[in-house]
Amino acid sequence: MIYNEKDTAGAKVLIVDDVEMNRLILENIIKNMGCSPLLAESGQEAFEMARQSKPDLILSDISMPGMSGFELCKNLKADKITKEIPVIFISAFDEPEDIVDGLKLGGEDYITKPFIMEVVQARVAVHLHLNAVKNELIEMNRRLQASVSAQLKQMEDEKKNILYALADIAAQNSGYEEGHMRRLSRNCRILAQGMQLSPKFEDQISDDYIDTIEVAATLCDIGNIGISTDLLRKEDGFTQEEKDILHCHTQIGAKLLSDLHVNNDYNDYLSISIDISHYHHENWDGSGYPEGLKGDQIPVAAQIVSIMGRYCILTGEKKQSREDALAAMEKDSGVKYNPAIYDICCRISRQLC
C-alpha cells in the first residue's frame with residue numbers, strides 16, 4: 001500500500017469529468033482507498049456540490065463543455081466557502097504550459113490520462129495528507145488565538161479592576177458621598193442615550209459609546225489618588241499654589257491611564273477614559289483647565305461627565321431638588337456647559353437618578 005489509511009479513510013473526494021467512463025474509473029480507485037467519492041459531470045454542477053458538501057479534495061478534468069476545469073478552479077478559489085479545497089487537474093494533455101496554467105490558477109497538482117492506479121492513489125493520498133495537516137494547523141492556530149484572547153481579556157479585566165479600586169479610593173479621599181460615582185455612571189449613560197436621539201450628536205454616540213462612557217465615567221477623578229486627602233477635603237480659602245495642585249489631578253489621571261499598555265480591543269475604552277480624566281474640568285467658554293479648551297474642542301465624553309458631575313453634586317451633597325439643580329446649572333449653560341447638551345439634560349432629567 002502506497003498511502004496511509006489514516007489520511008484517506010472517509011475523506012470526501014469530488015470527481016469532475018464529462019466522460020462517464022473516466023468518472024467510473026476514478027470512482028473505483030477512490031473507493032479502494034477508503035475515500036467517499038462524489039461525482040459531477042460538469043463544472044457548474046461540481047461548483048454547486050463543492051459549496052454544499054465541502055469535499056476534502058477535488059479531481060477535475062480540464063476540457064469540459066460549459067465551465068472548464070480551469071474556470072471551475074478559478075471560481076472555487078474566489079469563493080470563501082471553497083477556496084481552501086485542494087484541486088488536482090486531470091487531462092489527456094501534458095503540455096508544460098497547460099500544467100503551469102493550472103498551477104497559476106491555484107491547482108495543487110496534475111494527473112494525466114490514461115489513469116495509472118498507483119499514480120492516482122499516490123497523488124490523492126499526498127494532497128489529502130497535506131490538507132489534513134493544514135486543517136490541523138488552522139485549528140491549532142484558532143485554539144491558540146482563543147487562548148491568547150482569553151488571557152488578554154483576563155489581563156484587561158484585572159487592569160480595569162485595579163483602576164476601579166484606585167478610582168474608589170480617590171473618590172473616598174475626595175469626600176464624595178456614598179453612591180456618588182454609581183449615580184454619575186448611571187446618569188452619564190442616560191444623558192448619552194438622550195444625545196444619541198439628537199441629530200446634532202447621533203453620529204458621535206453609538207451603542208458601544210454609551211456602554212463605554214457608563215464604565216469610564218467613574219475614572220474621571222482617578223488623578224485625585226495623587227493629591228493629599230487634607231487638600232482634597234478642604235472646602236475654601238485655597239491659595240493659588242493649592243489650586244494649581246488640585247488642578248493637576250486631571251493630568252495625573254490622564255498620565256496614569258495613558259501609561260497602560262493594552263491591545264487594540266481595549267483602546268476605545270482607554271481613549272474615552274483618558275479624555276474624561278483629562279478634560280472634564282474644561283469649560284465651554286474656554287475658562288476651564290488644564291488646557292483652556294473651548295466649545296467643540298472639548299471631547300464629548302468629558303462634556304457629558306462635566307455636566308452630570310455637577311448635577312450629581314447638587315442633587316446629592318447639596319440636597320437640591322431636580323428642578324433647583326437644573327435652574328442653578330442654567331446660568332452656566334454656554335459658559336461651563338455645551339448649551340445643546342444642557343437642553344437635552346433638561347428634557348431627559350426625569351430619568352436621572
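Colleague: What radius of gyration does the chain have, and what would a compact globule of 353 residues have?

Modeller: Please note that this is a predicted model. The chain has a radius of gyration of 34 Å, whereas a compact globule of 353 residues would be near 20 Å. Along the principal axes, the C-alpha atoms fill a box of roughly 100 × 40 × 35 Å.

Colleague: How many helices and strands are there?

Modeller: There are 15 helices and five strands. Of the contacts with a separation of 6 or more, 66% are between residues 24 or more positions apart. Buried residues account for 45% of the chain.

Colleague: How many residues are in the largest nonpolar core, and which have the most contacts inside it?

Modeller: That core has 46 residues, and those with the most contacts inside it are L184, L191, M195, I304, I307 and M308. Two or more residues come from each of α6, α7, α8, α11, α12, α13, α14 and α15. The most come from α13, which gives nine.

Colleague: And which residues does M308 touch, leaving aside its neighbours within four places in sequence?

Modeller: M308 is in contact with L184, N187, C188, L191, C345 and L352. There is also a second, separate core of 19 residues, which includes M49, A50, L72 and L76.

Colleague: Turning to pockets, what is the volume of the largest one?

Modeller: Its volume is about 1,300 Å³. The pocket is lined by 35 residues, and Y176, H281, Y289, R310 and I313 are the closest to its centre. The elements that give two or more residues to the lining are α7, α9, α10 and α13.

Colleague: Which element gives the largest share of that lining?

Modeller: The largest share is from α13, with five residues. By class, the lining has twelve nonpolar, 13 polar and ten charged residues.

Colleague: Now the backbone. Where are the cis peptide bonds?

Modeller: One joins K113 and P114, with omega about -5°; P114 is in the loop between β5 and α6. Another joins Y289 and P290, with omega about 10°, and P290 is in the loop between α12 and α13.

Colleague: What is phi for K54, and is that residue buried or exposed?

Modeller: Phi of K54 is near 50°, a positive value in a residue other than glycine. K54 lies in the loop between α3 and β3, and at 51% relative accessibility this residue counts as exposed. Most residues other than glycine have a negative phi.

Colleague: And K319, what is its phi?

Modeller: Phi of K319 is near 60°, again a positive value in a residue other than glycine. K319 is in the loop between α13 and α14, and is exposed with a relative accessible area of 65%.

Methods: Residues are numbered from 1 along each chain as its sequence is written. This is a predicted model: local features need pLDDT of at least 70, side-chain atom pairs count only at pLDDT 80 or more; totals for chains, interfaces and linings use all residues. Side-chain values use heavy atoms; hydrogens and water are left out. A nonpolar core is a set of buried Ala, Val, Leu, Ile, Met, Phe, Trp, Tyr and Cys residues joined through side-chain atoms within 4.5 Å. Buried means under 20% relative accessible area, exposed over 50%, partly exposed in between (1.4 Å probe, protein chains only). Helices (H or I, at least four residues) and strands (E, at least two) are DSSP runs, numbered from the N terminus. Contact means heavy atoms within 4.5 Å. On a 1 Å grid over the protein atoms alone, a cavity is a set of points where a 1.4 Å probe fits but cannot get out, and a pocket is an open set with protein on both sides within 12 Å along at least five of seven lines; lining residues have an atom within 4 Å of a point. Grid points are joined across faces, edges and corners, and a volume is the space filled by probe spheres set on the points. Ala, Val, Leu, Ile, Met, Phe, Trp, Tyr, Cys and Pro count as nonpolar, Asp, Glu, Lys and Arg as charged, and the others, Gly among them, as polar. The radius of gyration is taken over C-alpha atoms; the globule rule is 2.2 Å times the number of residues to the power 0.38.
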